[in-house]
Amino acid sequence: MNALMGTETAVGSYHEGMPWNTVERVILNRRSVRSFRQEPLPDAMIRRILEAGRFAPSAGNMQPWRFIVVKNRALLAEMERDAVRIVKFFMFFLDYTRGSFLRRFIASINAKVMMRVLPNELHPAPFALMVQIAQGKTPVFHSAPTLLLLLEDRRGVSSPPTDIGICGQNMVIAAHSLGAGTCWIGLIKVLMYLPKWRKRFGVKFPYSLNVCIALGWPKPKADGPATREVQRVEWFDEAGLDPRIEEQGE
Ligand SMILES: Cc1cc2nc3c(=O)[nH]c(=O)nc-3n(C[C@H](O)[C@H](O)[C@H](O)COP(=O)(O)O)c2cc1C
């Protein structure tokens, strides 16, 4: 990350030890934004961000996605209300961190069973977030004035969820490069438990709702270097047929 301190260099060139270029800086400095100004981004800017998604690579160039932009304030408020209601409903049965001994005991059995059924959704990180939402300590959509919903076409080649991730990250990076803020909202999926939202957004085969990106002007500016794990990378190079381990990062 030391190169972050240097002066910027042009995109499309490389020499050893050069400072991060503009694209690398946006990637390295992007942080999730969870507090937005109320006025939405101009529509032209949102279209430009969508364009970055539309140009994303995908397996077989299948482009297995559909985009939905939600800016209507009444609709956003209804989505927040319903998402909180659903999270509270789940946490009533699953939150083993509060209440009487008997309640915690029963909830811990429920949670163990559900964590096996939905291991990704009920991983400790989203579980902790859901506890906070159920306690009214954090909103689901962070009061963002715009939500970009990314629907996945399940007929895509190979791995449509991978394509959606690439497509969404293109939009996220484009948004931050323009001074906007974003936060991925995986938790939007809870809305799919209510038929009214599936109907409203036309979520039926071959489409499923994969994820959402909260979008707006950041309040205050959140971007800056993050801490990340040092990665032990295996290099199979001319040093031999056994991998050479290199620590990536500091
Ligand atoms: C697929 C995905 C789903 C996420 N879902 C949520 C979410 O529902 N709510 C939230 O506040 N953050 C969500 N995040 C944001 C992560 O918590 C965040 O990216 C991570 O903590 C790293 O922080 P950074 O983005 O500031 O570098 C999600 C991120 C990804 C990639």
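Is His142 buried, exposed or partly exposed? Select His142 and you'll find 18 other C-beta atoms within 10 Å, so it is partly exposed. The cut-offs run like this: buried means 20 or more other C-beta atoms within 10 Å of a residue's own, exposed means 12 or fewer, and partly exposed is in between, with C-beta atoms placed from the backbone.

Before going on, keep in mind that this is a predicted model: local features need pLDDT of at least 70, side-chain atom pairs count only at pLDDT 80 or more, and totals for chains, interfaces and linings use all residues. Residues are numbered from 1 along each chain as its sequence is written.

**Zoom out**

Show the whole protein chain as a cartoon. There are 7 helices and 6 strands; here helices (H or I, at least four residues) and strands (E, at least two) are DSSP runs, numbered from the N terminus. The order from the N terminus is α-α-β-α-α-α-β-α-β-α-β-β-β. Along the principal axes, the C-alpha atoms fill a box of roughly 60 × 50 × 40 Å. Of the 250 residues, 23% are buried.

**The sheet**

Now select S1 (65-70), S2 (146-153), S3 (181-184) and S4 (207-216). Together they make an open sheet of 4 strands in the order S1-S2-S4-S3, with antiparallel pairing. S1 and S3 sit at the edges with a single partner strand each, so one side of each has no neighbour in the sheet. From one strand to the next, the twist averages 25° (axes are lines fitted to C-alpha atoms, and angles run from 0 to 180 degrees between N-to-C directions).

Strands count as paired if DSSP finds at least two bridges between them. Walk across the pairs:

- S1 with S2: 6 bridges, with Val70 opposite Leu147 in S2.
- S2 with S4: 8 bridges, with Asp153 opposite Tyr207 in S4.
- S4 with S3: 4 bridges, with Ala214 in S4 as the partner of Cys183.

While S2 is selected, colour it by burial: 7 of its 8 residues are buried.

**The core**

Next, pick Val87, Leu148, Leu150, Met171, Cys212, Ala214 and Leu215, which touch the most other members of the largest nonpolar core, a set of 41 residues. Such a core consists of buried Ala, Val, Leu, Ile, Met, Phe, Trp, Tyr and Cys residues joined through C-beta atoms within 7 Å. H3 (73-94), H5 (124-134), S2, H6 (160-177) and S4 each supply at least two residues, and H3 gives the most, with 7.

Centre on Cys212. Leaving aside neighbours within four places in sequence, its contacts (C-beta atoms, placed from the backbone, within 7 Å) are Leu147, Leu148, Leu149, Leu150, Ile185 and Ile188.

**The ligand**

Which residues are around the ligand? Select Arg31, Ser32, Arg34, Leu129, Cys183, Trp184, Ile185, Gly186, Leu187, Val211 and Ala226; the cut-off is a C-beta atom, placed from the backbone, within 6 Å. This shell divides into 7 nonpolar, 2 polar and 2 charged residues. Ala, Val, Leu, Ile, Met, Phe, Trp, Tyr, Cys and Pro count as nonpolar, Asp, Glu, Lys and Arg as charged, and the others, Gly among them, as polar.

Most residues other than glycine have a negative phi, and most peptide bonds are trans. Go back to His142, in the loop between H5 and S2: its phi is positive, about 55°. Ser143, in that loop as well, also has a positive phi of about 55°.

Last stop: the loop between H7 (195-200) and S4 holds Pro206, and a cis peptide bond joins Phe205 to Pro206, with omega about 10°. Lys219 to Pro220 is cis too, with omega near -10°; look for Pro220 in the loop between S4 and S5 (231-235).

Key: Two residues are in contact if their C-beta atoms, placed from the backbone, lie within 7 Å.
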